[in-house]
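Hello, and thanks for passing this one along. Below are my notes, in numbered points, for you to read beside the model.

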Amino acid sequence: MPVVKESKQINWKDKFVELVVVVIGITLAFMMNRSYENHKNKQVEYQYLQSFKDDIGSDLKQLDTLLRHQERQLQKIKNSQSLFSRSTINPDSAMTLIGALTTIYIYSSQKTTYETIKSSGNFNILSDYRLKQALIKYYQGMDDLKYLRQTTNFYYNTFVIPFILKNVDLHRKKIVSLNALRNRRFRNMVYGFQSLLIQKYTMHKELYQSARTVMTLLKQI
Amino acid sequence: MKKYIRIASGQGYWGDRFDAPLDQVKEGPIDYLVMDYLAEVTMSIMQKQKSRDPNLGYAKDFIPLMKQLLPLLVEKKVKLITNAGGVNPVGCMIAVRNIAEQMGYSGLKIAAVYGDDILNQLDPLIASGNEMKNMETGEPLQKIRRTVSSANVYFGARPVVKALEQGAQIIVTGRVTDTGISLAPMIHEFGWEWDDWNKLAAGVIGGHINECGAQASGGNFLAGWKEVPRMERIGFPIVEAYPDGSLIITKHESLGGLVSERTVKEQLVYELGNPAEYITPDVVADFTSIRLEQEAENRVRVYDIKGYPDTEFYKVSISYFDGYTCIGQLTYAWPEALEKAQKADDIIRKRIEYLGLTFDDIHTEYLGYNACHGSTAPPIKDPNEVVFLIGVRGHDKQMMQKFANEIVPLVLTGPPTVTGFGGGRPRVRDVIAYWPALLKKDTVSPKVLTIEVV
Amino acid sequence: MKIPLLKLAHARSGDKGDTANVGIIALKPEYYEILKEKVTVEKVKAHYGDMVKGKIERFEMPNIGAINFLLHNALGGGGTLTLKHDAQGKTYSTSFLRMEIEVDDNLQID
């Protein structure tokens, strides 16, 4: 039946145009979706960046103060070491030393943003490679600081505190027996603790540098 | 500057002969004692111990050893460098410090090298484009991320040198390379520059010779093991290093063992990849440049070593849980021992099928017949006995247990004259697999912590 | 005549993942040339057959009269995964030295 045959004629040209329109339609929808996603991601990224700026900003402020305090503390310990070479011990400088030994500066960083972005699996939302590397380095440094803090605390609790409790009258802020300071153990304790404090200071300084790097990158974006 | 320094190997792996390090310090002059404790699997075991008790995570038997070793080290002014710190070098350092204090060694400096543990940063590292692809298969780490139990960067000699500069006599490290602990004293004593590649390479090769303990001084020695004197008190190797980057491999005269060109050559090729590119964190050493010369009895000179600049990557050792294995065994006696064992294999495989068990791998070996040499071994006619070994690997623990239950019943249900089932059901073991990868050096930095004994 | 490599060389083997390495070392300097000529990758492949599933790499070390071979996929998965009794490939050294090679009838062998 030739009639049927005729009606089955397909206009390929029209079909092709139709097809192209459909393809373009899908692509457009896809692109719009993508751009929407991108836009959303950009927004989330922006929020994270702001939040990192707050965290690192407050870390930097804290570290800056901390470093100045620590410098003073170390200077005090260093100055009063002449104590050991003199024949008579000056009670005042001894008390200064004790004071410097009993002060512990603790750095508590703002880790919330980092922990959040890490556990949510959103870290790749950050688009700047250098920033990501710098962040990892800074927070890994924080992880490492934990050990130093642990050791310093151990030293503080095991040696410094028992010594003070035994030999210093805390009410009258006086040393009970100056002779205790002539002990080799006391001298070792001071040197040992001092070395830990120096290491902690150095590490804080390194952290300060890494935080600065992060901040510079944050501001560039 | 010293004319030379003597660096003695005290331990080739965790579990090596316990009195070897004591003998190394007692039996003659040395300047440094180095002890290698860490293998790939070790890190994951330690990580598990640390998760149960945050004070643990290092080689536990290093501490009782230190009780014996420390007085000798102090008396002879020998410095100790070891990677016994595992995943908790600082905890290990504190433990050593406690012993030193009990013994009254006030003023002694102990250092910990750490910062190699990157387990906490794995996700951000992956997300920022550090894929940490498996060096063997090329797959990205993300694939097995959920099952990772430890991740540590291999550090080289740098942090150890730093600890030496700070005056530490005892240095416990985390994942520092086996070669790095021998190289560090040379850099420290001779002031070698970090780009003096030939010398650094020499130190690495000294480290490679030291790292497996007695394997360089007559242990596991194929070309004349019968002639090695007094293996029951084998002397571990000593690397005598010179400022020009030449080495003499030797041992204490009073101890057994043997140091010859042949023993050193066998150790040089041990676990070697491309000999022209032996990659370490500090330098790429060229093993095809090494020259050897027997200078005297038990003294071999190693010289002319060449090295090349280091790469921009650290190697990372990652361990992860990857299912289970179970290996069963039974012994069949003459006559027709092999045929009986083969029949047992046939039965077990049919049982596996019948019970509907599926495994990633099933593997049979006939110990005493050809388990070691496989098809390269000629057939033996009617052996006196054969040990039948059958192992499976899989991820379904229940199926593994069902397999384990199938071995002993063969004694009453299978071929005759069978024994060796005293151990009962074989154990199902966790597989902690190893994922070797690379990480850009600028992402991590080693840390050193020194502490003084009060 | 045909002789096993054991007469000309000693060896040590070890592992790196699923790869076994075998370093064969000439017992006398003059044997090194023989090893170099006769112990080819093809020969090693034929010697091991199914035991080595991956590729074989060969590195010459004339300085110490040795040749280092890497036998890939030869340890049943390697490390902790393997079900092989010789998990670390420690005995590959002597299975290698079982290989027979053709040498001159006049060759001096101790």
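1. First, a word on geometry: axes are lines fitted to C-alpha atoms, for helices over the stretch in contact, and angles run from 0 to 180 degrees between N-to-C directions. Helices (H or I, at least four residues) and strands (E, at least two) are DSSP runs, numbered from the N terminus. This is a predicted model, in which local features need pLDDT of at least 70, side-chain atom pairs count only at pLDDT 80 or more, and totals for chains, interfaces and linings use all residues. Residues are numbered from 1 along each chain as its sequence is written, while chains are lettered from A and ligands numbered from 1 in the order in which they are written.

2. In chain B, helix α3 (residues 62–76) packs against helix α4 (residues 89–102) at about 40°, and their axes are 10 Å apart. That angle makes α3(B) oblique to α4(B); angles under 35 degrees count as roughly parallel, over 145 as roughly antiparallel, 65 to 115 as roughly perpendicular and the rest as oblique. The crossing of α3(B) with α4(B) is right-handed, a term used if the near helix is turned clockwise from the far one by less than a right angle, with left-handed for anticlockwise.

3. Who makes that contact? On the α3(B) side it is B:Phe62, B:Ile63, B:Met66, B:Lys67 and B:Leu70, and on the α4(B) side B:Cys92, B:Ala95, B:Val96, B:Ile99 and B:Ala100. Two residues are in contact if their C-beta atoms, placed from the backbone, lie within 7 Å. By class, the contact of α3(B) with α4(B) has 9 nonpolar, no polar and 1 charged residues. Ala, Val, Leu, Ile, Met, Phe, Trp, Tyr, Cys and Pro count as nonpolar, Asp, Glu, Lys and Arg as charged, and the others, Gly among them, as polar.

4. The contact of α7(B) with α8(B) divides into 6 nonpolar, 6 polar and no charged residues.

5. Leaving out residues up to four places away in sequence, B:Val160 touches several residues, including B:Gly180 and B:Ile181.

6. Between chains, 37 residues of chain C are in contact with 43 residues of chain B. On the chain C side, β2(C) gives the most, with 6 residues. By class, that side has 12 nonpolar, 17 polar and 8 charged residues.

7. Chain A has 6 helices and 2 strands, in the order α-α-α-α-α-β-β-α from the N terminus. Its radius of gyration is 33 Å, well over the 17 Å that the globule rule gives for 221 residues, so chain A is more spread out than a compact globule. The radius is taken over C-alpha atoms, and the rule is 2.2 Å times the number of residues to the power 0.38. Along the principal axes, the C-alpha atoms of chain A fill a box of roughly 125 × 30 × 25 Å. Buried residues make up 23% of the 221 residues in chain A.

Notes
A residue is buried if 20 or more other C-beta atoms lie within 10 Å of its own, exposed if 12 or fewer, and partly exposed in between; C-beta atoms are placed from the backbone.
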